[in-house]
Amino acid sequence: MPALARTHEPGMARVRVLAPGLFTTLQDAGRPHHRLLGVPLGGALDALALCAANRLVGNPEDSAVLEVTGVGPKLWFEAPAAVAICGADFAAYVDGEPLPIGRPIWLGGGAVLELQKVKRGFRGYLAIRGGFRAEPVLDSRSALPRYGIGKRLAAEDEIAYLPGPTAPPAGFRPISARAAVAPFQIGGWLDQIEDEIVVLRVVRGEQADWFGEGARQAFFERTWQVAPQSDRMGVRLRGEPLAAPARQLASEPVVPGSVQVPQDGLPIVLMRECQTTGGYPKLATVISADLDKLAHLRPGSFVRFVEVSVEEAFRLRGVHHRLARVWLRWVAERARQAWGSEGGD
Amino acid sequence: MRLEFMGDQALLLRLPENVPIETGEALDRLLSLRAALLRELEGVDGIEDVTMGYRSVAVYARFEDVAPEDLLARARRAVRSLRSLAAPRTSAGARVHLPVVYGGDFGPDLDEVAERAGLSPQDVVRLHQEGVYRVAMIGFSPGFAYLIGLPEALRVPRRATPRSRVERGSVGIAGFQTGVYSFATPGGWQIIGRTPVALFDANRASPSLLSPGDVVRFEAVTEEEYHARFGAYT
């Protein structure tokens with residue numbers, strides 16, 4: 001198993017895990033070039049939040065961050081650190097004081113950061129200036145514990161990082177003796193996290209015409225609920241089962257967002273860590289502009305699907321990408337100003 | 001050949017349903033198609049992977065860097081270039097021998113397979129070793145190779161109830177397919193043996209032992225040999 005951290009590298013400090021939270025792993029942009037050999041894409045499930053958290057601390061967008069789920073970890077920082085939290089709205093505390101998220105955060109040596117229960121959304125991203133250190137495997141630091149790459153964080157684990165500025169930059173507001181936050185907050189992504197029923201836009205799946213008209217209609221008319229067995233590979237839905245086709249499918253490539261319907265008639269929406277091929281018929285595919293929303297579905301969340309054309313999916317992908325670029329440039333610029341001469345790259 | 005986008009993330013090229021998988025005809029055509037696609041896509045930005053299924057090839061792309069229409073046009077050219085060839089070229093893959101301990105704790109379903117096939121367990125072991133297999137695709141888990149070429153007498157269905165854990169290296173049978181579990185995972189194939197060889201190791205320069213088109217043979221070994229070679233990468 002590759003090392004989680006190189007804690008003995010000169011000049012490095014350690015973050016120690018006091019409590020691991022529900023499910024916490026290192027993630028970056030994943031492994032997009034090894035699917036032929038069956039290696040899942042993986043990486044942060046909310047790709048935009050990964051980029052934003054990294055930009056808030058002056059990192060390249062794909063640096064390794066901690067992805068936290070539902071209930072976050074409690075972490076002790078050996079030395080000063082420049083950090084930020086994006087994604088889901090966690091109740092965050094530093095040394096017991098409430099901490100706003102979506103901002104550059106300065107932590108002093110000895111600070112204890114705690115992400116308690118999530119208030120909105122499901123997965124959060126903790127970035128640190130310089131990125132958390134771990135050996136890359138197949139060009140990525142994303143953990144894939146199922147296949148022996150990296151690990152799920154446990155109490156007493158330590159991860160190395162490059163120490164941040166020794167004092168908070170000018171203009172930061174103190175939270176405690178060992179923490180201060182920048183005077184601005186970004187929250188654009190929170191608007192994407194819907195509270196009641198999450199609407200996912202889909203195009204026709206590769207086997208859509210294997211399903212009867214009744215099953216296709218029912219898929220769009222019904223409201224589905226996220227089942228507890230969901231994980232980073234797939235969101236399992238429950239509700240009134242669909243009539244699944246009896247035909248056998250020879251295994252073929254799938255994409256994150258593919259909606260598979262196994263024999264039990266209950267759809268599974270594949271996530272970024274899904275296997276590279278599958279043998280279940282696919283009724284629909286979630287468009288890439290809506291993939292980040294999947295990261296914030298939790299057991300019990302309600303989901304509905306609406307159909308768009310492939311042309312519209314590509315158009316929405318373009319719009320989503322351009323808006324994200326503009327927003328991330330703005331985030332990076334605000335962060336650079338906030339950190340001042342300490343602003344990283 | 002049918003071309004369709006998978007959502008807005010990939011382009012899938014699919015052979016007609018009447019092209020047989022079991023005989024290797026689909027595999028031959030897909031290997032040629034994949035090679036033609038790689039030629040057409042050389043130097044094109046935004047291409048992430050060109051992968052294979054039993055009856056299809058998928059091109060995963062970053063459509064910020066390559067326009068969908070451009071990818072579609074190149075894929076059509078690749079398909080046309082194949083039609084102009086006299087016959088599909090069978091590329092010679094690597095040849096790999098996998099040592100296997102058959103039966104016992106390592107192959108808990110050997111007796112059931114024998115019974116369903118109407119053979120003795122010894123015959124199952126002999127026939128499985130006589131087969132010359134080809135890697136049709138890799139999927140399910142990293143390095144898990146789906147092998148075609150299973151002798152007809154050994155084609156038995158999956159277990160009625162899948163196991164929640166199949167050990168790494170387990171050699172299984174499911175219908176016309178045989179294969180090796182590259183990781184301990186849940187699984188429903190009939191397990192007749194186990195190989196000590198590591199099918200996948202992320203820290204190797206070439207992490208997957210097998211690639212589509214490779215030729216595989218199985219060879220019975222004793223438990224002592226199994227332990228001596230455990231974790232080897234042939």
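User: What covers the buried residues of α4(B)?
Analyst: This is a predicted model. In it, the cover over the buried residues of α4(B) includes β5 (95–102), α3 (110–117), β12 (190–194) and β13 (215–220) of chain B.

User: And which residues of that helix are buried?
Analyst: Helix α4 of chain B spans residues 121–130, and Val124(B), Val125(B) and His128(B) are buried there. Seen down the axis of α4(B), the buried residues fall within an arc of 95 degrees, so they line one face of the helix.

User: Which residues are exposed on the other side of α4(B)?
Analyst: Gln122(B) and Glu130(B) are exposed there.

User: Zooming out, how many helices and strands are in chain B?
Analyst: Chain B has five helices and 13 strands. Its radius of gyration is 19 Å, close to the 17 Å that the globule rule gives for 234 residues, so chain B is as compact as a globular protein of that length.

User: What box do the C-alpha atoms of chain B fill?
Analyst: Roughly 55 × 40 × 35 Å, along the principal axes. Of the 234 residues of chain B, 46% count as buried. Take the contacts in chain B between residues at least 6 apart in sequence: 63% of them join residues at least 24 apart.

User: How is chain B divided into domains?
Analyst: Domain 1 of chain B is 2–83, and domain 2 is 95–228. The contact between them takes eight residues from domain 1 of chain B and seven residues from domain 2 of chain B. On the domain 1 side of chain B, five residues are nonpolar, two polar and one charged.

User: How far apart are the C-alpha centres of those two domains of chain B?
Analyst: They lie 29 Å apart.

User: Now chain A. What does the domain assignment give there?
Analyst: Domain 1 of chain A is 13–188 + 333–342, and domain 2 is 197–308. The C-alpha centres of these two domains of chain A lie 30 Å apart. Across their contact, 16 residues of domain 1 of chain A meet 14 residues of domain 2 of chain A.

User: Which elements give two or more residues to the domain 1 side in chain A?
Analyst: On the side of domain 1 that touches domain 2, they are α1 (47–56) and β8 (112–128) of chain A. The largest share, three residues, comes from β8(A). By class, that side of domain 1 of chain A has seven nonpolar, six polar and three charged residues.

User: Last topic, the core. How many residues are in the largest nonpolar core?
Analyst: It has 173 residues. Those with the most contacts inside it are Ala53(A), Val65(A), Val83(A), Leu107(A), Tyr125(A), Ala127(A) and Val59(B). Strand β5 of chain A, residues 81–94, gives the most to this core, with 10 residues.

User: What does Tyr125(A) touch?
Analyst: Leaving out residues up to four places away in sequence, Tyr125(A) touches Ala44(A), Asp46(A), Ala49(A), Leu50(A), Ala53(A), Val65(A), Glu67(A), Ile85(A), Cys86(A) and Gly87(A).

Note on methods
Residues numbered from 1 in each chain as written. Chains lettered and ligands numbered in written order. Predicted model: local features only at pLDDT ≥ 70, side-chain atom pairs only at ≥ 80, totals over all residues. Core = buried A, V, L, I, M, F, W, Y, C linked by C-beta atoms within 7 Å. Buried ≥ 20, exposed ≤ 12 C-beta atoms within 10 Å, placed from the backbone. Helix = DSSP H or I, 4+ residues; strand = E, 2+ residues; numbered from the N terminus. Contact = placed C-beta atoms within 7 Å. Domains from an automatic or database assignment. Nonpolar A, V, L, I, M, F, W, Y, C, P; charged D, E, K, R; others polar. Rg over C-alpha atoms; globule rule 2.2 N^0.38 Å. Arc of directions from axis to C-beta.
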